[in-house]
Every structure is written in C-alpha cells, then in structure tokens.
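Let's take a walk through this fold one side chain at a time. Keep the 3D view open and click along as we go.

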Amino acid sequence: MYAFTLDKPASLADAQKAAAAGAKPLAGGQTLLASMKLRLSDPGTLVDLGGVKELAGIRREGNALVIGAMTRHIDVATSAEVAAAIPALTHLAGHIGDKQVRAMGTMGGSVANNDPAACYPSAVLGLGATVHTTKRKIAADDFFQGMFTTALEDGELITAISFPIPKKAAYVKFNQPASRFSLIGVFVAQTDGGVRVAVTGAGNGVFRHAGLEAALNASFTPQSAASVKISADDCSADLHASAAYRANLISVLTQRAVAQLA
C-alpha cells in the first residue's frame with residue numbers, strides 16, 4: 001500500500017468533519033482495502049467508521065425497517081427483526097460472499113460503493129428504500145447513477161437506510177463462482193405502489209426493469225415474467241458470461257423469484 005493516515009473517530013460528528021476535510025471513509029473495507037493493496041487507490045487519509053456506534057443497529061419504525069450504515073452483513077442475516085419483516089433481506093445478506101466477507105462487510109459500504117454486481121443495491125432499489133445521509137434523505141430511484149456512481153456528494157456519509165416493509169419480496173441470484181458476486185441477481189417486491197423488479201450484475205449498475213414490472217403488475221405469475229423479452233443490449237459481456245446469457249438469466253431468475261411468492 002501507499003502510506004496513509006488513519007483517523008478513528010468515536011462520534012458521527014467527528015467522522016463527518018474528517019470526511020468533509022477530504023478523508024476517505026472506511027466501512028467494511030471489502031473493496032477499498034483490496035484496491036489499496038494493489039496500489040489502485042491512494043486515499044492519503046482514511047476515516048474508519050467502525051467506532052461510530054450510532055451508525056450501527058436495526059430498528060422498526062412504523063411500517064419501515066431502518067438499518068444503520070455500519071451494520072454488518074452477518075447482523076442483518078441473523079436478525080430476528082429483519083427475518084420477521086423482510087425475509088428476502090435476510091436471505092440476501094446471508095448469501096453475500098463468504099463468512100469472512102459477511103463478518104466485515106457493511107450495508108452502507110456496499111450501497112455507497114455501488115459495485116455493478118453487488119447484492120444490496122438491488123434490495124434498496126427493489127424495495128424503494130430511502131438512503132439517509134449526514135445531509136439529506138435520498139430516494140433509491142435517485143441514488144444509483146451508474147457503475148460505482150451514486151448521488152453522494154464529497155464528504156457526505158450514509159447514516160442509515162430505511163426499507164418500507166413490502167407485502168412480499170424475494171431475491172434470487174446466480175453466483176459468479178469465485179467471487180460470489182451476482183452474475184445476475186433479481187430482487188422482486190410486491191409493494192403498496194405495485195411490483196418493483198431490480199436487477200444487479202447485468203451491466204453498468206443496478207436498474208429497475210420496466211417491462212417485467214408492467215407484466216407482473218398485470219399478472220403476478222412466472223408465465224407473465226417469461227413472456228417479457230429481455231434485451232441483451234442492456235447487458236454486459238465478459239469472460240464469465242455473454243450478454244445473451246445474462247439476459248436469459250434475468251428472465252429465469254425473475255420467474256423463480258415470482259414462483260417463490262405466487
């Protein structure tokens with residue numbers, strides 16, 4: 001690694017001050033530390049959010065589940081409150097990476113990084129969640145802006161994410177065998193505002209699929225999902241899968257998710 005300075009604040013106010021001064025936030029470090037080891041990243045100063053207790057925790061607020069940004073994947077996966085309110089979120093968190101990743105990775109870090117194959121962004125977008133930051137509240141539909149790009153401004157930290165509790169939801173993914181990232185992941189939710197379908201792993205970032213949503217709002221069946229033609233033009237191709245293969249996976253995984261809920 002390049003030499004760097006590590007700041008370890010104990011309060012959100014101090015963490016925000018450090019971030020505003022240009023320090024790079026360190027959450028679970030699952031992406032940042034790896035890039036630093038390869039000398040692909042030279043942050044200069046890191047502000048470690050691990051000691052900021054007010055950024056972690058899970059609570060129910062009315063018809064929403066509020067999860068702190070520094071809540072670890074394992075804590076989401078094993079929370080009885082999450083399992084009772086949004087079982088799909090329990091399933092998603094419990095299948096991220098491996099045990100070591102789940103023990104260190106955080107929800108806020110995953111969402112802020114917005115890796116195009118990460119699992120959590122699909123839940124945030126699929127459930128129509130709200131991202132709370134040190135400056136404002138951002139609707140999921142406005143938050144994700146492309147590969148590794150979000151609406152966050154310099155020095156702005158995610159503090160929590162508020163998930164509306166859906167009528168039903170399911171997450172199904174096809175793992176990339178080595179990394180266990182999503183080759184394709186599909187989050188389907190029946191909400192008060194209708195069916196939402198969020199896809200991760202397909203291209204430049206997580207996105208909602210309007211065609212699948214329209215079909216499933218008309219008829220919530222696997223057959224309805226199967227009738228939607230998924231364009232390969234919206235999908236990327238690499239050594240792991242062609243664009244056509246990814247497009248087919250979107251259809252198949254959506255059908256499986258709907259079958260779990262129908």
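Start with the salt bridges: there are 8 of them, where a salt bridge is a side-chain nitrogen of Lys or Arg within 4 Å of a carboxyl oxygen of Asp or Glu. Bear in mind that this is a predicted model, so local features need pLDDT of at least 70 and side-chain atom pairs count only at pLDDT 80 or more, while totals for chains, interfaces and linings use all residues. Residues are numbered from 1 along each chain as its sequence is written, and side-chain values use heavy atoms, with hydrogens and water left out.

One of these bridges joins Arg59 and Glu61, with N and O 2.7 Å apart. How exposed are the two partners? Arg59 has a relative accessible area of 42%, which makes it partly exposed. Glu61 is also partly exposed, at 43%. For these labels, buried means under 20% relative accessible area, exposed means over 50%, and partly exposed is in between (1.4 Å probe, protein chains only).

Now move along to Lys135, whose side chain meets that of Glu153 in a salt bridge of 3.2 Å, N to O. This pair links distant parts of the chain: Lys135 is in the loop between β6 (130-133) and β7 (137-139), and Glu153 is in the loop between β9 (149-150) and β10 (158-164), 18 residues apart. Helices and strands here are DSSP runs, numbered from the N terminus (helices are H or I with at least four residues, strands are E with at least two). Lys135 is partly exposed at 46% relative accessibility, and Glu153 is partly exposed at 44%.

Arg136 has a salt bridge of its own, to Glu156, with the closest N and O atoms 2.8 Å apart. Arg136 lies in the loop between β6 and β7 and Glu156 in the loop between β9 and β10, so this pair ties together parts that are 20 residues apart in sequence.

Next, the aromatic rings. The structure holds 3 aromatic pairs. Rings of Phe, Tyr and Trp (its six-membered ring) pair if their centres lie within 6.5 Å; planes under 30 degrees apart count as stacked, over 60 as edge-to-face and the rest as tilted. Take Phe143 and Phe144: their ring centres are 5.0 Å apart and their planes are at 85°, so the pair is edge-to-face. Phe143 is buried at 0% relative accessible area, and Phe144 is buried at 12%. Tyr171 and Phe187 make a tilted pair, 6.1 Å centre to centre with 35° between the planes. Tyr171 is buried at 3% relative accessibility, and Phe187 is buried at 0%.

Stay with β12, which spans residues 182-191, and look for Thr191 in that strand. Thr191 is buried, at 16% relative accessibility. What does the side chain of Thr191 reach? The backbone oxygen of Gly194, at 2.6 Å. Leaving aside residues up to four places away in sequence, Thr191 touches Gly126, Lys167 and Arg196, with contact meaning heavy atoms within 4.5 Å.

Most residues other than glycine have a negative phi. Arg180, though not a glycine, has a positive phi of about 65°. Arg180 sits in the loop between β11 (168-175) and β12, and is partly exposed at 42% relative accessible area. Arg39 also has a positive phi, near 60°. You'll find Arg39 in the loop between α2 (32-37) and β3 (45-48), partly exposed at 47% relative accessibility. And where does the charged end of Arg39 sit? Over the ring of Tyr2, 4.3 Å from its centre; a charge sits over a ring if NZ of Lys or CZ of Arg is within 6 Å of the ring centre and within 35 degrees of the ring normal.

Conventions
A polar contact is a pair of N or O atoms within 3.5 Å; within protein, one must be able to donate a hydrogen and the other to accept it, and residues adjacent in sequence count only if both atoms are side-chain atoms.
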